[in-house]
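User: I'm new to this one. Could you take a close look at the aromatic rings for me and walk me through what they do with their neighbours?

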Amino acid sequence: MNKIGKVTRSIQAFAKELGRPRAGVPPAQTKAPKIGIALGGGFARGLAHIGVLKVFEEEGIPISFVAGTSVGSVIGAAYCSGISAKELEEVASLVRFKHFARWTLSRLGFASNDRMSGFLRKVVKARRFEELHIPLAVTATDFVTGEPKVFCEGELIDPVRASCAYPGMFLPVNIDGKLYIDGMLAHTVPTIPVRHMGADRVVAVYLSAGWVNLKGPRHVFDVIGQCFSIAQQKMSHLWESSADVILTPDVRGFSYDGFERANELIAAGEAVARAALPQIKSWIAQPEQKSEDKKVKMPAHVVAPAHP
């Protein structure tokens, strides 16, 4: 029994010694959270996403995952392929609606976004998801079932086109025998996909704006767009709960095809991103601290001013 007691005491002393901090050995470092960004749809208004990414780059905010819906998928694909926010800003100053869409006569829509294939091949430095520098998820909606579809592997160009196939305006996009339309019907802001990718913290960029001004709709696309805008606002609770912070650039007064106002839209994204920097930087400085202000929408007074 004495031998057993000695062995037991030796094991206990050994275990105690292992648990004692060693001189000169620093304590284990807490890993910074993996930040994901969810870029919502909004046609030309989506150029505000560039402003958000620009600020993150300038401030050294690391982005581990990106998910994009509609125009958010276009900007996300380019950014994740290695195009800097500054380069995207230069592209935005030149792009117009005609560069990725053409009017056509079809019972399924008034325009085709097949020109987007050529545009994306010029801008995006990758052809497949696996070639991207930052993991990307692209959302679309199954036209027949209405089920959400999240593309994150394989060929890149057609999923982005599908994510941008706005109902009534653009023709559905056929991928592997299935028709897909705009991802905003399934994921207005793709916070859930980016959370599923592994993001510890999620920044959502929501382009909240009606399609028409006080003068009323200009044409049928304004009518369709305004209806979808109303529906999206009513369903915002579906994605808000998966976000840690929601950035809402002030894009009021900008038309869906207002690409010529790229500088103003980018500035709106920059303004709201800078307003959120203290909170986002706190995640990195204190990674174990849980956010107490989850889903806080940026106050109106910090949103970039819109020009009528």
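Analyst: Let's start with a term: a charge sits over a ring if NZ of Lys or CZ of Arg is within 6 Å of the ring centre and within 35 degrees of the ring normal. That's the case for Lys-149, whose charged end sits over the ring of Phe-151, 5.2 Å from its centre.

Before going on, some housekeeping. This is a predicted model, where local features need pLDDT of at least 70, side-chain atom pairs count only at pLDDT 80 or more, and totals for chains, interfaces and linings use all residues. Residues are numbered from 1 along each chain as its sequence is written, and side-chain values use heavy atoms, with hydrogens and water left out.

Now the ring pairs. A pair of aromatic rings is described by the distance of the centres and the angle of the planes. Rings of Phe, Tyr and Trp (its six-membered ring) pair if their centres lie within 6.5 Å; planes under 30 degrees apart count as stacked, over 60 as edge-to-face and the rest as tilted. The structure holds 4 such aromatic pairs.

Take Phe-43 and Tyr-166: their ring centres are 5.3 Å apart and the planes are at 70°, so this pair is edge-to-face. Phe-43 lies in the loop between strand S1 (35-39) and helix H2 (48-58), while Tyr-166 is in the loop between helix H6 (157-163) and strand S7 (168-170), so the pair ties together parts that are 123 residues apart in sequence. (Helices are DSSP runs of H or I with at least four residues, strands are runs of E with at least two, and both are numbered from the N terminus.)

Phe-43 has another partner, Phe-170: here the centres are 6.2 Å apart and the planes at 20°, so the pair is stacked. Again distant parts of the chain are linked, since Phe-170 is in strand S7, 127 residues from Phe-43. Put together, ring pairs link Phe-43, Tyr-166 and Phe-170 into a cluster.

Buried means under 20% relative accessible area, exposed over 50%, and partly exposed in between (1.4 Å probe, protein chains only).

For a contrast, look at Val-144, in the loop between strand S5 (136-142) and strand S6 (148-151). Val-144 counts as exposed because its relative accessibility is 70%.

To zoom out, the chain has 10 helices and 12 strands, and buried residues make up 49% of its 308 residues.
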